[in-house]
Amino acid sequence: ILSNLATYLKRYKLIATNTINRSLSQSLGRILLGFVQFNRQGMLYGSILGVVVSILTLGSRTNLTKYIKGLDLKYIKSLAYENKDFPKFDLPSNLLNSISSHCPPIILAYYFQEYVVGIFSMAHTLLYIPMALIGSSISQLYYKKASELYHANQSIADLTKKDDKVIVCYGG
């Protein structure tokens, strides 16, 4: 939510800083906890540390109270009721995506020692970071522009085609 608010406010430097802070704190947390023998739990605690740092970074640098005060609870309830079926369709796909991305370390942990799984996880993270940075940047800008076009009663087809061409041209 905070990341979407930062996109809405066009605080792209804050989003980039937050992404770097989250990745660094997550990785450093995992490494430091690995040194003090929090082997398997260290991965989880490192991830939690990254999320906490991300929330604190975005929360402290966006004026969230200004937007909370302006919320209309009746409108929020009507939107929740209107979209009540969304989790039924979104949850299974997100769950399967999460499981599929976390299966390799679980399977490797059964056959190999912890340090092998750690090396695999670090390599996976290093390979995933550029893709995640580019993908999240493009998606945040796309959602912002698509929302503006939608509220102006304009078509988002041209924007989608343009973004697809950019992603294909640059190896997406």
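Of the 172 residues of the protein chain, 16% count as buried in this predicted model. The accessible surface of the protein chain amounts to about 13,400 Å², and 67% of that area is supplied by carbon and sulfur atoms. Along the principal axes, the C-alpha atoms occupy a box of roughly 55 × 40 × 35 Å.

The secondary structure of the protein chain consists of eight helices and zero strands. Read from the N terminus, the order of elements is accordingly α-α-α-α-α-α-α-α. When contacts between residues at least 6 apart in sequence are considered, 61% join residues at least 24 apart.

Charged side chains in the protein chain number 18 positive and 9 negative. The centres of these two sets are separated by 9 Å.

R30 is located in helix α2, which spans residues 12-35. This arginine is buried, with a relative accessible area under 20%. With residues up to four places away in sequence left out, the contacts of R30 are with G42, M43, G46, S47, S121 and T125.

Note on methods. Residues numbered from 1 in each chain as written. Predicted model: local features only at pLDDT ≥ 70, side-chain atom pairs only at ≥ 80, totals over all residues. Heavy atoms only, no water. Helix = DSSP H or I, 4+ residues; strand = E, 2+ residues; numbered from the N terminus. Buried < 20%, exposed > 50% of the residue type's maximum accessible area, 1.4 Å probe, protein only. Lys, Arg positive; Asp, Glu negative; His and termini not counted. Salt bridge = Lys/Arg side-chain N within 4 Å of Asp/Glu carboxyl O. Contact = heavy atoms within 4.5 Å. Areas by Shrake-Rupley, 256 points an atom, 1.4 Å probe, with all protein chains shown as cover. Charge placed at Lys NZ, Arg CZ, Asp CG, Glu CD.
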